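Here is a short briefing to read alongside the coordinates.

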Amino acid sequence: MSIAFIAEQSFNALQLGLMLFLMAVGVTLAFGTMRLINLAHGSFFMLAAYFYAWIIAKTESGFAAWIGALAGLAVLAVVIERVIIRPLYVRDHLEQVLATFGLILIFNDLVMMIWGRDPVYVPLPDVLSGHVMLGEIAYPTYRLVITAVAIIIGLSIWYLIARTRTGGLIRASADNRAVVQALGANVDRLGAGVFALVAVLAGIAGIMTAPLIAVTSGMGDAVLIQSLVVVIIGGLGSIVGALVGALLVAFVEVFGRTFLPMALGSTSGFALANMAIYLLMAMTLIWRPFGIFGKPQ
Amino acid sequence: MTKLPLPIRVGIICIAAAAIAALAAFGDQTSLRFASRIAIMGLAAVAVDVVLGYAGLVSLGHAAFFGVGAYVTGALALIGHTEGLIVWPVAVGAATLAALVIGALALRTTGVYFIMITLAFAQMFYYGANAMPGLGGADGFRLPFRSTIGGMPLDDPRIFFLLCAFLLIAVLLLARRASFAAFGYTLRAARDDAIRSAASGIENYWLRLAAFTISGAIAGFAGVLSANLTLYIAPSSVLSWHLSAELLVMVILGMAGTLYGAVVGAAIFLTLVEIISHYTDFWAMYVGIAVIARVLLIRDGLLVALRRLVTT
């Protein structure tokens with residue numbers, strides 16, 4: 001067990017953590033601003049990857065694929081918000097769960113109808129397919145770049161929420177939607193904007209992850225549930241909580257998969273590694289039922 | 001509690017009785033298997049309704065209890081234990097224990113937290129089962145034998161269906177009895193106004209935990225029966241979170257808070273899936289459209305819509 005190996009695993013965990021953060025921040029913002037629980041968040045992750053794979057196969061331009069996939073996703077998100085989500089803001093969580101579950105079923109089948117059942121492989125951009133020497137570790141350039149991009153996006157979200165007028169409105173309507181509306185802000189448009197924003201964030205995570213995994217129908221489900229675990233641990237509605245939760249989950253996930261099979265033998269170690277983040281969640285819940293940074297409702 | 005007018009309720013009972021009698025007399029293997037599935041999923045949907053309709057909690061994790069019931073039955077069958085009078089209580093007991101532990105943690109919260117936590121814990125069982133090579137891992141495994149009851153085999157689909165129907169009716173009657181006992185009234189009081197019920201000396205947490213645990217036991221029982229019906233168990237079929245969501249869909253397709261509404265919902269849901277899957281492989285998409293239409297357009301469930309038609 002060399003230091004270099006641990007360092008490499010730490011980089012992997014950091015990268016997974018930042019991807020989970022991009023997803024979890026969307027779950028937490030949608031709940032914080034609109035009291036919405038959106039299970040279809042994982043579908044945005046999946047759809048962006050499919051859009052990207054499709055456009056890049058047609059045009060062979062990574063830039064066009066990025067812009068096209070995210071623009072398509074934003075338009076789709078605005079339409080979904082207007083038609084299906086907006087009537088649900090005032091309804092109870094059960095109906096939000098069911099309607100967004102319906103969306104998952106539709107999107108999972110739609111991508112299979114359009115792009116087939118076989119996994120779609122997304123090529124790595126040529127410039128980024130090499131390795132960078134970090135000390136004595138050869139680390140894939142692509143993973144390094146997406147880590148950097150995720151950090152930049154994370155900082156931009158923080159700036160948007162904490163320092164701009166729009167961010168102020170988002171935070172205010174999280175506290176009291178009715179008062180913000182009474183003060184003359186258009187909370188409907190704000191809701192649509194936030195919904196499109198979180199869809200694009202999930203889309204960015206999906207596109208950046210696509211070359212590392214196979215793009216398949218249902219790929220969003222697993223990511224959705226991981227990001228729910230992040231939000232449960234970090235506390236619903238808290239952006240700092242989403243970051244801390246994402247990094248905790250990612251480190252437990254990556255190091256659990258590496259070390260538990262070594263320590264306990266492959267069978268029970270593998271089983272425990274599969275369950276590790278949920279055990280982490282259970283322990284957090286015993287300690288703080290509403291998450292580390294969460295407030296009881 | 002929402003109550004349906006007498007004619008509708010009598011109508012449902014008559015249709016159900018006629019269906020059971022007709023199936024017992026003339027049912028072939030296919031229809032008996034399908035009817036058994038409706039009874040089993042109806043039982044699981046009743047379990048969800050106990051928590052949803054009476055305690056007012058949205059559980060997105062009932063697949064865990066269903067799956068534990070099925071997996072314990074299957075694992076015991078693999079090592080040669082098939083006597084239902086021993087295996088079934090053990091399997092239901094395991095599901096009950098799982099519900100007690102998950103409930104104890106999840107019930108410290110309410111609302112969205114409760115939904116997400118039950119979902120996440122169920123997913124823990126899913127990934128756990130995926131990583132058990134002794135039980136087939138992600139591919140699942142085939143049960144070598146059906147359970148027997150007191151040495152009597154259940155291989156005749158007619159006997160198996162009648163057993164499922166009998167158990168479903170027994171659970172419905174027991175749950176209905178409990179809902180009119182102090183337990184049911186206090187549970188609804190805690191649902192409608194938690195602060196007042198706590199002030200009247202009701203222990204909301206323990207009450208909800210009791211309801212959640214009973215519900216888990218019922219779902220586990222459904223899992224036991226399901227393992228015996230299909231003789232095949234895989235994480236994706238008995239522990240998937242889609243199953244949990246589908247159970248919620250069944251409950252709201254009928255009517256939450258009536259128990260038998262969950263069975264009606266299960267029958268509607270499974271029939272719908274059966275019909276659509278004859279025409280296309282992408283039946284899930286149409287189920288999704290139906291669910292969204294139900295939430296946005298009908299709002300109260302099909303039985304309430306039926307009541308509106310009858311009473312106006």
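This is a predicted model: local features need pLDDT of at least 70, side-chain atom pairs count only at pLDDT 80 or more; totals for chains, interfaces and linings use all residues.

Chain A has 11 helices and 2 strands, and 49% of its 297 residues count as buried.

**Overall fold of chain A**
- Along the sequence, the elements of chain A come in the order α-α-α-α-β-β-α-α-α-α-α-α-α.
- The C-alpha trace of chain A spans about 60 × 50 × 35 Å along its principal axes.
- The radius of gyration of chain A is 19 Å, which agrees with the value near 19 Å for a compact globule because the chain has 297 residues.
- Among contacts in chain A with a separation of 6 or more, 73% join residues 24 or more positions apart.

**Helix α3 of chain A**
- Helix α3 covers residues 62-85 of chain A, and its buried residues are A:Ala65, A:Ala69, A:Leu70, A:Leu73, A:Ala77, A:Ile80, A:Glu81 and A:Ile85.
- The cover over these buried residues of α3(A) includes α2 (41-59) and α8 (187-209) of chain A.

**Where chain B meets chain A**
- Chain A brings 39 residues to the contact and chain B brings 37 residues.
- On the side of chain B that touches chain A, the elements giving two or more residues are α5 (111-130), α11 (241-253) and α13 (283-298) of chain B.
- Which element gives the most to this side of chain B? It is α5(B), with 14 residues.
- By residue class, the side of chain B that touches chain A has 30 nonpolar, 6 polar and 1 charged.

Note on methods:
Residues are numbered from 1 along each chain as its sequence is written. Chains are lettered from A and ligands numbered from 1 in the order in which they are written. A residue is buried if 20 or more other C-beta atoms lie within 10 Å of its own, exposed if 12 or fewer, and partly exposed in between; C-beta atoms are placed from the backbone. Helices (H or I, at least four residues) and strands (E, at least two) are DSSP runs, numbered from the N terminus. Two residues are in contact if their C-beta atoms, placed from the backbone, lie within 7 Å. Ala, Val, Leu, Ile, Met, Phe, Trp, Tyr, Cys and Pro count as nonpolar, Asp, Glu, Lys and Arg as charged, and the others, Gly among them, as polar. The radius of gyration is taken over C-alpha atoms; the globule rule is 2.2 Å times the number of residues to the power 0.38.
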